[in-house]
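Here is a friendly briefing on the side-chain contacts in this model. Have the structure open as you read, and pick out each residue as it comes up.

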Amino acid sequence: GLLAWHAASRELSRLFDGALGSSGSGDGRAGPVVTACVRELSLRVNQVARVHKVIFERTLQVSAALTNTAAPDAAPAFPRSAAGGGPDPLSAVPVPLHVAYLARRVVGQGSVLIEKQPATAAPLGLLVAGVADLLPAPLSLALWRATLAELHTACAYTVPCYPPRAQGQTDVQWKVALGYKELRPAKGTQAAALEPKDKYYNRMGAYAALHAALLSAGARIDFDLGCACTDRGPHELCANCGAAASAKGPIAIGRPDGGRQTGLPGAWAWLPRLLKQPP
């Protein structure tokens, strides 16, 4: 059921916690090659903009970084059933450490950006879906598995489900399980405090917008960049040699599971489930 799906996502995210360490990037324990890849991924996610040429370039750069780097697994395969029944192809592959990092970076940074500028959901959704479309099947499935797990862990409404209150849980513990952020106690007190409701609702809305952008990303624009320069800049003319980039047309974005969880079929299944959730 949906609650079991949510619990599996939380367990996967906990495995990422252990693999990524306190710095959230592997703490350099995976070796210099993976550390360099993580830095590259961080840079490229930071450079995503609402410009199709920039999304095209970042998609190629991120997919190349993932494909060309052999990373240890952050989480093993754990085959299970999908929320709607039947086998879940996403859970049948392990998640490498650099893939786990990318998923966490996109979801964490995306929620902050989307909360301030809702339109940034679309380019981030196109980036992840476009990168997954370019990756070999195991990595593509792993990226979708990791990204959806991070989203489901941060926002249960993207499952959707409403985690019940466990016996013995305090109000604060239950709300933290629902996704509230726990604030540092005020100076001179030990009482736990939670973020205000409006902040919580805005953040949950940002996660839901990113979830919708991921599932609805249908096509990316292909470009002829006109040169082989790296970091050409955000404009049509290359900042290094002046070559002009030109759009070639849209490319449909495929889904490794046929879209059952990662595309429009998943979105249409999610919506009625959300509407059926008790208030």
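Glu11 and Arg14 sit together in helix H1 (residues 2-20), three residues apart, which is about one turn of the helix. These two side chains form a salt bridge, with 3.1 Å between the closest N and O atoms. Please keep in mind that this is a predicted model.

**Salt bridges**

- The structure holds nine salt bridges, and the pair of Glu11 and Arg14 is one example.
- Side chains of opposite charge can pair when their charged atoms come close.
- Glu11 counts as partly exposed because its relative accessible area is 39%, a value that falls between the 20% limit for buried and the 50% limit for exposed.
- Asp17 and Arg104 meet in another salt bridge, at 2.6 Å from N to O.
- That pair links distant parts of the chain, as Asp17 belongs to helix H1 and Arg104 to helix H4 (residues 97-116), 87 residues apart.
- Asp17 is partly exposed at 40% relative accessible area, and Arg104 is also partly exposed, at 22%.
- Are Glu195 and Arg203 buried or exposed? Both of these residues are buried.

**Aromatic pairs**

- How many aromatic pairs does the structure hold? There are four.
- One of them joins Phe56 and Phe223 in a tilted arrangement, with 5.8 Å from centre to centre and 50 degrees between the planes.
- Phe56 lies in helix H3 (residues 52-67) and Phe223 in strand E5 (residues 219-224), so this pair ties together parts that are 167 residues apart in sequence.
- Phe56 counts as buried because its relative accessibility is 8%, and Phe223 is buried as well, with a relative accessible area of 9%.
- Tyr180 and Tyr200 form a stacked pair, 3.8 Å centre to centre, with 5 degrees between the planes.
- Tyr180 is in the loop between helix H7 (171-177) and strand E3 (182-183), while Tyr200 is in helix H8 (residues 197-216), so the pair ties together parts that are 20 residues apart in sequence.
- Both Tyr180 and Tyr200 are buried.
- Ring pairs also bring in Tyr201, giving a cluster of Tyr180, Tyr200 and Tyr201.
- Tyr180 has a charged neighbour too: Lys175 lies over the face of this ring, at 5.7 Å from the ring centre.

**Nonpolar surface patch**

- Which residues make the nonpolar surface patch of about 470 Å²? Leu264, Trp268, Leu271 and Leu275 make it.
- You can find Trp268 in helix H9 (residues 264-275).
- Why does Trp268 count as exposed? Its relative accessibility is 61%, and the cut-off for exposed is over 50%.

Note on methods. Residues numbered from 1 in each chain as written. Predicted model: local features only at pLDDT ≥ 70, side-chain atom pairs only at ≥ 80, totals over all residues. Heavy atoms only, no water. Patch = residues over 30% accessible without salt bridge, like charges linked within 9 Å, V, L, I, M, F, W, Y side chains within 5 Å. Areas by Shrake-Rupley, 256 points an atom, 1.4 Å probe, with all protein chains shown as cover. Salt bridge = Lys/Arg side-chain N within 4 Å of Asp/Glu carboxyl O. Helix = DSSP H or I, 4+ residues; strand = E, 2+ residues; numbered from the N terminus. Buried < 20%, exposed > 50% of the residue type's maximum accessible area, 1.4 Å probe, protein only. Phe/Tyr/Trp six-rings, centres within 6.5 Å; stacked < 30°, edge-to-face > 60°. Lys NZ or Arg CZ within 6 Å of the ring centre and 35° of its normal.
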